[in-house]
Amino acid sequence: MLKLGVPSKGRLMEKTFDWFGARGVGLRKSGSDREYAGAVEGFDGIELVLLSAGEIPRELASGNIHLGVTGSDLVREKIPNWDTRLTELAPMGFGGADLVIAVPQAWVDVATLDDLDAAAAAFRKTHGFRMRIATKYHRLVREFLREQGVADYQLVDSQGATEGTVKNETAEAIADITSTGETLRANGLKILDDGLIHASQATLFRGRRKDWTAEQRATLKALVEVLKL
Amino acid sequence: MPTSAATREEARRLRNLFAAKGALVIKADVLQPAETLLDLYGEDIRARSYLTSDPLRGEMVLRPDFTVPVVQMHMESYADPARYTYSGKVFRKQEHDETRANEYVQVGYEVFDGQNPAAADAEVFAAIAEGLSGLPVRAATGDIGILMAAVRGLRTTDDRKAALLRHIWRPQRFRALLKRFGSAAVPPARAALLAADDPFANAGPDIGLRARTEVAARIAALRADAAAPPIATEEIALIDAILGLRETAPNVLSALRDIVVDMPAIADAVKRLEARLAALGSRGVEVETLEFEGSYGRTSLEYYDGFVFGFYATDRPELPPVATGGRYDALTARLGQGRAVPAVGGVIRPDLALELL
């Protein structure tokens, strides 16, 4: 059997079911609504595993599941050297969100990363500590800022309500996921012109193929044909 | 991974070699207070450091290297001159390459001596070279001090020089800044900001620690910058010439002497290089074939601000450098709260040295 990991609830799950359904592979939750068990119709050899979207990258990397649907941002954040371990089979065209750097609208002098870097240098001199950027995407943000040559900042961890950290003075800027930018604006923040770190969308990934059986490989080949990937 | 007996023995041999040169054997705590250390090193090392918290001592870190604890120890002792050696593990997370060790032994030799920096540079380089003698390694050298002197000598505003100096270790941002300072064009968003009657007209709510006065101060700085003439093309070409140097040390010295004619500001730094090469020669280093790169050391730790060097396995390009070192005067100034002691040091990784046998 090939294990296919799919987000266990919400719009991401429904959209994933729709995406597979439109390609002739029926996925559905089995049993009661509270149960995280799934069933596959119209295709043999696949077992549906319902998981939290955040756990799917790890399960793919460890080989516990063979295929998985999750955000491309989560894979890049959670798996070191993700592209040597996982393969993107198909971007799925939904669940789109951008990981961006945002600063207070009141910072009229800051429109670009170049400005952010200069402001960070001055901030450190004035306040005696590095400018704090709140995020839960530490790896992606750090690699981006390293490539862009931004200095004098520190990342502070924020697992939720990140937009509020500036107002609460636990951070000066944030790096977070947004689809329309509405929440950012409502919290007095704006996106830097060149502050797009990653444009994420739901993506079908294939995990490490090292220990796959011939049967599993054949199943994947058949699935790729049915899904027209 | 436990250190092999062979690595421990090689580490002891190296430490004894350095001790025989008059270095005091010192030890440092494995757990270090995180704040000072990580504030100096920045986000990159923070990301690669093993952080933990202690209920009484606050945030602690498994030492990512020995330099800061050694400098702190030295600053308390007031000995001058002083030589130290140590041997112990350092810890760094490997985010990209799982084949690289995340804990490994470093054996170091550090010299605090303000009397004759060129001699101290040569002493450290020669000691490290001696520790690696017989191994198939090649040395690469550079001098961050020359680039810093060139930036300080530019005919432009102090703010621009400070911005460039801050990014010596980030080649891409350095390049972008140099390009912007070399052009009269102002980016459109900035031009609009500077042209506005009231730059705060559409500003949102004042939130966060960065106050409106700080924003206003930066706008004033941007205004001053927009009024400053661009850095001359000829001066930028000289910086490029320095960064592009990649030759044997004597040829580089000769090329730098040509550059001094147009950029007298680097004359002292070039004299220091000359004195260092002479000192290296008198210590038996083959200066004629020594490699020198104008941009060497720019992607390493930020605290090196003069002579920099590394030893690389000749036939194993995939290995990290077997030894690295350099001068870190600015670090001692920052840690010494105004009291600076010129310092230069180097470390060898005995585990890598053994792989080359």
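Let me start with a strand pair in chain A: strand S7, residues 97-104, and S11 are antiparallel, and seven bridges join them. Helices and strands here are DSSP runs, H or I of at least four residues for helices and E of at least two for strands, numbered from the N terminus. Two strands count as paired if DSSP finds at least two bridges between them. One bridge in this pair links Leu99(A) to His198(A), the latter in S11(A).

Before going on, the model is a predicted one: local features need pLDDT of at least 70, side-chain atom pairs count only at pLDDT 80 or more, and totals for chains, interfaces and linings use all residues. Residues are numbered from 1 along each chain as its sequence is written, and chains are lettered from A and ligands numbered from 1 in the order in which they are written.

Back to the sheet. S7 and S11 belong to an open sheet of five strands in chain A, with the order S9-S8-S10-S7-S11 and mixed pairing. At the edges are strand S9 (153-157) and strand S11 (189-200) of chain A, each of which pairs on one side only. From one strand to the next the twist averages 25 degrees; axes are lines fitted to C-alpha atoms, for helices over the stretch in contact, and angles run from 0 to 180 degrees between N-to-C directions.

Now chain A as a whole. There are eight helices and 12 strands in chain A. Its C-alpha trace spans about 65 × 35 × 25 Å along the principal axes. Of its 229 residues, 44% count as buried. Buried means that 20 or more other C-beta atoms lie within 10 Å of the residue's own, exposed means 12 or fewer, and partly exposed is in between, with C-beta atoms placed from the backbone. Of the contacts in chain A with a separation of 6 or more, 66% are between residues 24 or more positions apart. A contact requires C-beta atoms, placed from the backbone, within 7 Å.

Two residues deserve a look for their backbone angles. Most residues other than glycine have a negative phi. Asn81(A), not a glycine, has a positive phi of about 50 degrees, and it lies in the loop between helix H3 (72-78) and helix H4 (82-85) of chain A. Asp152(A), also not a glycine, has a positive phi of about 60 degrees and lies in the loop between helix H6 (138-148) and S9 of chain A. Which of these counts as exposed, and why? Asn81(A) does, because it has 12 C-beta neighbours inside 10 Å. Asp152(A) counts as buried because it has 20.

On to chain B and its interface. 31 residues of chain B are in contact with 31 residues of chain A. Helices H3 (43-48), H7 (158-166), H8 (171-181), H9 (188-195) and H10 (212-227) of chain B each supply at least two residues of the chain B side. H10(B) gives the largest share, six residues.

Last, the domains of chain B. The assignment, automatic or from a database, gives domain 1 (1-136 + 340-357), domain 2 (137-183 + 232-313) and domain 3 (185-198 + 211-229). The C-alpha centres of domain 1 and domain 2 of chain B are 25 Å apart. Between those two domains, 17 residues of domain 1 are in contact with 17 residues of domain 2. On the domain 1 side, the largest share, nine residues, comes from H5(B).
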